[in-house]
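Biologist: I have the chain on screen and some questions to go with it. Shall we take them one at a time?

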Amino acid sequence: MDKRRRLARRLRLTGRDTAVAAGLLLAVTGLCFLLRRIDDGDAYVAELFLLAVFLISRFTTGYFYGIAASLLSVLMVNYLFTFPYFAFDFTLAGYPLMILSMLAVSVTTSAMTTQIKRQGALRIEAEREKTRGNLLRAVSHDLRTPLTSILGASSVLADSGEQLPPEERRQLALEISDSAQWLIRMVENLLSVTRVDGSQPARIHKQPEAAEEVVGAAVVRLKKRFPETAVRVRVPEELLLVPMDAMLIEQVLLNLLENAVLHAKGATSIELTVERRGSEAVFTVLDDGCGIGEQLLPRLFEKTVCHEDRGDSRRSLGIGLTVCNAIIRAHSGRMSARNRPEGGAAVGFTLPLEEKQS
């Protein structure tokens with residue numbers, strides 16, 4: 001069994017590639033039989049099988065299938081479509097040239113396909129490394145501020161806490177608590193990233209969840225951090241079940257709501273809506289604040305975006321939207337952002353209502 005596995009690995013034999021190669025050869029064979037009923041000539045047969053070899057070499061992995069298809073094609077043309085039919089005749093003129101032509105096509109195409117796939121893999125790895133670098137830069141920058149705040153406040157309490165008025169001691173304790181909560185949120189986001197943005201394909205566990213319950217949970221978590229913030233929620237009257245990882249989608253909604261609280265300058269209202277559009281569920285966070293800079297909109301979800309601190313210790317994660325985008329893409333959804341004509345921004349995402357079969 002181990003020898004077979006090693007051989008299959010070397011030859012890169014897969015069920016998908018075998019099905020592709022067999023299907024194309026059968027399709028070309030059937031087409032040639034059909035065309036022979038219309039036209040007695042067989043001049044087109046070699047060209048059609050040459051096309052099949054090219055397609056097999058292009059859409060399979062490695063060299064095995066292309067070379068095997070070229071050899072099989074030569075034998076099939078000889079046996080099925082060359083007089084005398086249903087008999088081999090290796091004395092035909094031009095037969096060696098046909099073999100060499102098909103082998104050349106298969107090897108050249110397979111080599112080009114392998115190179116294209118290799119370059120694609122290198123591009124994907126480069127994007128992953130770029131994302132990792134962005135995340136590390138964001139983390140190293142963002143962790144420094146709350147840790148410095150915690151260290152400073154705790155040092156003051158430890159050195160001269162007894163001489164401070166009760167109100168100042170309470171203010172320092174609140175500062176430590178606020179910074180600690182921010183660090184917890186950072187850890188939650190980083191844990192989300194490890195689930196959807198690693199070197200392996202994202203593996204999320206989706207099951208039908210009531211959109212209303214997930215939205216409600218996100219709003220409750222927001223109220224714990226910003227009790228003074230009012231959020232209007234609008235959901236469909238019907239029960240909307242959406243395939244999702246509820247914990248991750250709740251994290252996305254919380255990030256979007258926090259961005260609206262912290263960065264929508266001048267906002268007087270925040271609204272979270274859910275609606276059904278065809279085969280998708282659409283989640284949107286709307287505000288009536290200053291909107292999003294036009295130069296920022298095209299790259300909002302593609303890289304780490306640094307926000308300015310508000311100056312009141314209420315910080316949001318610079319990696320928040322990167323995390324959100326990774327989570328939504330892992331759910332086969334997409335994110336969007338726009339400025340509203342009446343003022344403010346609308347940031348949201350869509351999720352498919354039906355699980356795609358892979």
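Modeller: One term comes before the rest: a residue is buried under 20% relative accessible area, exposed over 50% and partly exposed in between, using a 1.4 Å probe and protein chains only. This is a predicted model, in which local features need pLDDT of at least 70 and side-chain atom pairs count only at pLDDT 80 or more, while totals for chains, interfaces and linings use all residues. Residues are numbered from 1 along each chain as its sequence is written, and side-chain values use heavy atoms, with hydrogens and water left out.

Biologist: Which residues of α4 are buried?
Modeller: Helices (H or I, at least four residues) and strands (E, at least two) are DSSP runs, numbered from the N terminus. Helix α4 covers residues 64–80. Its buried residues are Y65, G66, A69, S70, S73, V74, M76, V77, N78 and L80.

Biologist: What share of the protein chain is buried?
Modeller: The protein chain has 9 helices and 7 strands. It holds 358 residues, and the buried ones make up 40%.

Biologist: How many bridges join β5 to β7?
Modeller: Two strands pair if DSSP finds at least two bridges between them. On one side, β4 (residues 270–277) and β5 pair in the antiparallel sense over 8 bridges, with R276 opposite A281. Strands β5 and β7 (residues 345–352) also run antiparallel, and V282 stands opposite T350. The number of bridges joining β5 to β7 is 7.

Biologist: Which residue in the turn between β4 and β5 has a positive phi?
Modeller: The two strands form a hairpin with 2 residues between them. The phi in question is about 60 degrees, and the residue is G278.

Biologist: Why is strand β5 described as largely enclosed by the rest of the structure?
Modeller: Strand β5 spans residues 280–287. It is largely enclosed because, of its 8 residues, the number buried is 7.

Biologist: Are the rings of Y79 and F86 stacked or edge-to-face?
Modeller: Rings of Phe, Tyr and Trp (its six-membered ring) pair if their centres lie within 6.5 Å; planes under 30 degrees apart count as stacked, over 60 as edge-to-face and the rest as tilted. The count comes to 2 aromatic pairs. The Y79 and F86 centres are 6.0 Å apart and the planes are at 85 degrees, so this pair is edge-to-face.

Biologist: How many residues apart in sequence are the parts tied together by F283 and F349?
Modeller: Their ring centres are 4.9 Å apart with planes at 10 degrees, so the pair is stacked. F283 is buried at 1% relative accessibility, and F349 is buried with a relative accessible area of 1%. F283 lies in β5 and F349 in β7, so the separation of the parts in sequence, in residues, is 66.

Methods:
Expected span 1.5 Å × (residues − 1).
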